[in-house]
Amino acid sequence: MDRAEELAHAWQSVCHDVAESCRRHERSPDGVTIIAVTKGFPASDVIHLANAGVTDVGESRDQEARAKRDQVLAAKVHGLTWHAIGQVQTNKASHVAQWADMVHSVDRARLVLALAAAAAQAQHPLPVLIQVRGGAHGTTAADGRAGVAAEHFDDLVDMVLAQPALALRGLMTVAEIGEPAGAQFEDVARLWRRLRLTHPGADVFSAGMSGDFDAAISAGATHLRIGTAILGSRMVAR
Ligand SMILES: *Cc1c(COP(=O)(O)O)cnc(C)c1O
């Protein structure tokens, strides 16, 4: 098998597994978008995946993502939705706002302001998700883990809503290792459902990776971020 066939095969297989999981949890697969996480893999893989039917890709490093997106566009592959899923440094916000169609990892006030400033000139508000820390029990805000702690979630929501250049589309979370993913996803899903009561446009819940997407689907995830199960293992950790 060449790489194109290998990726098409892996994509089909992940689609099948996700559909099976949806069936088990009595959800429609139409309500679940699979984002192929292509960080650490070349633009040629993105192009193969687009040819195989992938519509959404996820990247975590600004420079890598920008270069890759340019290469993909140069190959006349259009119509992909690019998701920024990794931690965004405040000084990279203006770059990220240019290549990302949705930023999943908004987790602090300074980043909200930086993204809003970067998006102010754009024609449309930049869609963003607030990243909520999984397994938030007994941790402090300053322990260096990604995501806002649940107790600070409402403040960050208000900050995002105050920015006309940003569109609050929902929540994102990464399950902490060492605690059951399902319980963590359910905790964040509760925050998401509460937010949706007042903000129906916040209809995205990004949760679940290669190893835990079944638990995420069970908790109501609308967007899965799947790398390894589609592309194989990455050369570089992250
Ligand atoms: C790398 C990454 C993923 C994909 O993880 P896999 O285990 O390879 O599926 C998902 N979400 C985030 C935030 C990531 O950084």
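Predicted model: local features only at pLDDT ≥ 70, side-chain atom pairs only at ≥ 80, totals over all residues.
Student: Which residues touch the most other members of the largest nonpolar core?

Tutor: They are Val18, Val103 and Leu224, in a core of 68 residues. A nonpolar core is a set of buried Ala, Val, Leu, Ile, Met, Phe, Trp, Tyr and Cys residues joined through side-chain atoms within 4.5 Å. Buried means under 20% relative accessible area, exposed means over 50%, and partly exposed lies in between, with a 1.4 Å probe and protein chains only.

Student: Which helix gives the largest share of this core?

Tutor: Helix H7, residues 181-198, supplies that share with seven residues. Helices (H or I, at least four residues) and strands (E, at least two) are DSSP runs, numbered from the N terminus.

Student: And what is valine 103 in contact with?

Tutor: Leaving aside neighbours within four places in sequence, valine 103 is in contact with Ala84, Val88, Val96, Leu115, Leu126, Pro127, Val128 and Leu129. Contact means heavy atoms within 4.5 Å.

Student: Now the helices. At what angle do H1 and H2 cross?

Tutor: The axes of H1 (residues 3-24) and H2 (residues 43-52) cross at roughly 55° and come within 9 Å. That makes H1 oblique to H2. Axes are lines fitted to C-alpha atoms, for helices over the stretch in contact, and angles run from 0 to 180 degrees between N-to-C directions. Angles under 35 degrees count as roughly parallel, over 145 as roughly antiparallel, 65 to 115 as roughly perpendicular and the rest as oblique.

Student: Which residues make that contact?

Tutor: H1 contributes Arg3, Ala4, Leu7, Ala8, Trp11 and Gln12, and H2 contributes Asp45, His48, Leu49 and Ala52. By class, the contact of H1 with H2 has six nonpolar, two polar and two charged residues. Ala, Val, Leu, Ile, Met, Phe, Trp, Tyr, Cys and Pro count as nonpolar, Asp, Glu, Lys and Arg as charged, and the others, Gly among them, as polar.

Student: Is tryptophan 11 buried or exposed?

Tutor: Tryptophan 11 is buried, with a relative accessible area of 8%. This residue of helix H1 touches Ile34, Leu49, Ala52, Gly53, Val54 and Ile230, not counting residues up to four places away in sequence. Tryptophan 11 and isoleucine 230 are 219 residues apart in sequence, yet their C-alpha atoms are 5.6 Å apart in space.

Student: How are H5 and H6 placed: roughly parallel or roughly antiparallel?

Tutor: The axes of H5 (residues 109-119) and H6 (residues 153-161) come within 10 Å and cross at roughly 15°. H5 and H6 are therefore roughly parallel to each other.

Student: Which residues meet there?

Tutor: Ala109, Val112 and Leu113 in H5 meet Leu156, Met159 and Val160 in H6. By class, this contact of H5 with H6 has six nonpolar, no polar and no charged residues.

Student: What else do the buried residues of H5 pack against?

Tutor: Besides H6, they pack against helix H4 (93-99), strand S4 (102-106), strand S5 (126-131) and strand S6 (166-172). The buried residues of H5 are Leu111, Val112, Ala114, Leu115, Ala116 and Ala119.

Student: Where is isoleucine 226, and what does it touch?

Tutor: Isoleucine 226 is in strand S8 (residues 223-226). At 0% relative accessibility, isoleucine 226 counts as buried. Not counting residues up to four places away in sequence, isoleucine 226 touches Val14, Val18, Ile34, Ile35, Ala36, Val37, Met209, Ser210 and Phe213.

Student: A change of topic: what is the phi of glutamate 26?

Tutor: Phi of glutamate 26 is near 55°, a positive value in a residue other than glycine. Glutamate 26 is found in the loop between H1 and strand S1 (33-37), and counts as exposed at 76% relative accessibility.

Student: And what about lysine 76?

Tutor: Lysine 76 is not a glycine, although its phi is positive at about 65°. Lysine 76 lies in the loop between helix H3 (62-74) and strand S3 (81-84), and at 68% relative accessibility lysine 76 counts as exposed.

Note on methods:
Residues numbered from 1 in each chain as written. Heavy atoms only, no water.
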